[in-house]
Each structure stands twice: as structure tokens, then as C-alpha cells.
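Welcome! Please take a moment to look over the sequence and the 3D view before reading on.

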Amino acid sequence: MKIAFFGTKSYDRLWFEPLSTQKGQEITFFRPRLTSETAPLARGHRAVCAFVNDELGEDTLAILKQEGVKLILLRCAGYNNVDLKAARGLEMTVLRVPGYSPEAVAEHAMALAMAANRRLHKAYNKVRDNDFSLTGLTGVNLYQKTAGIVGTGKIGQAMIRICKGFGMDVIAYDPYPVPDLDVKYVSLQELLHESDLISLHCPLFPETHHIIDAEAIAQMKDGVILVNTSRGGLIKTEDLINGIKAGKFHAVALDVYEEESELVYEDHSDNILDHTTTARLLSFPNVLLTSHQGFLTKEALYTIAEVTLDNAAAYENGQELQNIVR
């Protein structure tokens with residue numbers, strides 16, 4: 001199978017190239033991300049390999065179909081960037097990597113929570129400038145505080161284990177509770193009201209879009225810590241900014257955010273950001289942003305490559321497709 005690989009980074013080639021050689025698959029690596037403008041690059045390939053910031057709307061899919069592509073290989077768990085209705089209409093199969101490393105994302109979520117809480121991003125820069133004062137660096141103990149986990153899939157479950165290891169009381173919200181999971185399920189309203197740390201671990205669906213908005217923020221404790229490592233669309237950014245300005249949050253830590261698709265994974269250090277809400281988030285001293293890197297561990301990268309190429313092989317060999325998106 002010939003696979004057109006979009007949005008290639010050095011760490012992608014490091015894991016995909018040797019595995020594809022072992023499996024007898026041919027990959028063409030393209031640096032641009034997949035959009036309707038770059039889709040013609042896939043001509044002559046039966047599959048495309050796409051990531052979270054690629055655009056797989058109806059227009060892009062139609063062009064891919066014209067170029068002979070029949071298979072969409074998502075090297076990620078989420079699929080909110082894919083027009084599934086259009087894919088079905090074009091008889092294109094969509095496969096994903098549902099569980100590459102829950103611990104990688106959950107560990108990053110806790111790292112973000114701790115760094116934002118103790119202002120490590122500020123402390124690092126202060127010390128580099130020979131400023132050893134502690135002004136503006138006061139945090140809060142997480143021990144014996146309440147952690148609210150929104151979404152109890154594999155990543156949410158990993159986060160629950162981490163929070164318990166910190167000695168936190170843990171509550172969770174999920175419309176589909178996991179049987180026998182050792183956690184107290186509560187309503188979303190109770191979670192918002194009771195939690196000192198709120199961590200989002202749910203997929204982006206129409207029903208979860210802007211699950212954190214002005215109404216939800218108003219129900220939170222003053223001084224809450226909010227973490228999002230799932231999808232930017234879970235939070236209504238304008239409402240979040242208003243909450244930050246009003247002093248609602250002790251800290252906000254985001255690995256994902258609205259407007260990220262054209263920003264993440266690229267170097268914009270010489271550019272003036274015209275994405276106003278992202279720039280505004282970066283201006284707050286109690287906000288910490290990273291570039292959608294929760295997946296970026298050696299273990300996760302290997303698993304992503306392995307499962308993605310196994311998905312391609314299963315499709316090529318007519319085997320049962322375990323990771324199909326319907």
C-alpha cells in the first residue's frame with residue numbers, strides 16, 4: 001500500500017520509516033498539513049495519513065477521492081476534524097488509533113496543572129534573568145484538594161490514578177459511567193461546584209462543544225485550576241478569557257485551544273500572531289499553554305506508528321477492522 005503522509009515532522013519519520021519498511025508499506029512524506037489545497041499531493045496513493053490539525057472536510061475528501069484515495073489513516077484518537085458523513089458518502093474508510101498511551105496525555109495534564117499552579121513557567125524565566133525573588137509565584141497544595149475529571153475513558157482513568165497518588169479526593173462526570181471504576185460519579189454541575197482542579201478528558205462532539213462556557217465557569221469555585229488536554233472546542237475561549245480577567249481562576253493550563261490548527265507544530269517565533277484570542281491567553285501570567293504535545297512520548301509515538309500501520313495492513317488484507325470510525 002502507498003500512503004501519503006501529511007504534516008510530517010522529524011519525530012514522525014523516526015518511528016514510521018523503519019516500521020513501514022518492516023511491514024512492506026511505502027510512505028511518501030509531505031511536510032504541509034492536509035487541506036483542500038494540498039490534497040492533490042496524494043495522487044497515486046491509496047491512503048492518506050492525517051493528524052489532529054489536518055482538515056478532512058467534505059471538499060478535501062472529495063479531492064482525495066478523485067485522486068484515488070480510499071483510506072483515511074488517523075494517527076490520533078480524535079476524529080472531530082473528519083466529515084464522517086461525507087466520508088461514508090464517498091465510500092472512504094476511516095481508521096484511528098484509539099488508545100496509543102493514556103498515561104502520556106494524563107501525565108502531561110498533571111505536569112501542566114503543577115507548572116501553572118506553581119508558576120514554573122514564570123519562575124524559570126525569572127531565574128534566567130538573575131531574578132531570584134519569589135513575587136508572583138505562590139501556588140496551592142493539591143494534597144487533600146478535590147480533583148474533578150470530566151470524561152472517564154482511558155486517559156481520564158489514568159488521570160484519576162495520578163490524582164489519587166497526590167492524595168486528592170477525586171470525583172468524575174461522564175454520561176456513560178465505567179462500571180466498577182473506583183471513583184465517585186457526580187453531575188457536571190456538582191463537579192464544577194466542588195472541584196479545586198478540573199481536568200477535561202472527553203472527546204469533542206456537538207454535545208460537548210463549549211461544555212465550559214460562562215455558565216459553567218460561574219458554577220466553579222473561585223481560585224479553581226482548569227486543565228484541558230483533549231480538544232480546544234470544549235472551552236468557549238471568550239468566556240474563559242472573561243473568567244480569567246474576573247479573577248475566577250488560580251491557574252489555567254491548556255495543551256489544546258480554539259484556533260490552534262494553523263499554529264501548533266510550527267515555528268511562529270518571528271511572526272505577529274493574528275489569532276487574537278490565543279495571543280490574549282498568552283498575555284495572562286496565570287495561564288500556561290503548550291502546543292498540543294500531550295502525545296509526545298517515545299512510547300506513545302511508537303504505538304501510534306505501529307497501530308496506524310497495522311490498521312493499513314488490516315484494510316489491505318481484508319481483515320476485520322478493529323479501529324474503524326463509523
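This is a predicted model: local features need pLDDT of at least 70, side-chain atom pairs count only at pLDDT 80 or more; totals for chains, interfaces and linings use all residues.

Residues are numbered from 1 along each chain as its sequence is written, and side-chain values use heavy atoms, leaving out hydrogens and water.

Let's begin with the sheet. Five strands form an open sheet with parallel pairing, in the order β2-β1-β3-β4-β5; strands are DSSP runs of E with at least two residues, helices runs of H or I with at least four, and two strands pair if DSSP finds at least two bridges between them. At the edges sit β2 (26–29) and β5, each pairing on one side only. Further in, β3 and β4 pair in the parallel sense over four bridges, and Ala50 stands opposite Leu74 in β4.

Now for the helices.

| Pair | Property | Value |
|---|---|---|
| α4 and α6 | axis approach | within 8 Å |
| α4 and α6 | crossing angle | roughly 50 degrees |

Axes here are lines fitted to C-alpha atoms, for helices over the stretch in contact, and angles run from 0 to 180 degrees between N-to-C directions.

Ser101 is buried, with a relative accessible area of 12% (buried means under 20%, with a 1.4 Å probe and protein chains only). Its C-alpha atom is separated by 8.6 Å from that of Ile304, 203 residues apart along the chain.

Terms used. Buried means under 20% relative accessible area, exposed over 50%, partly exposed in between (1.4 Å probe, protein chains only).
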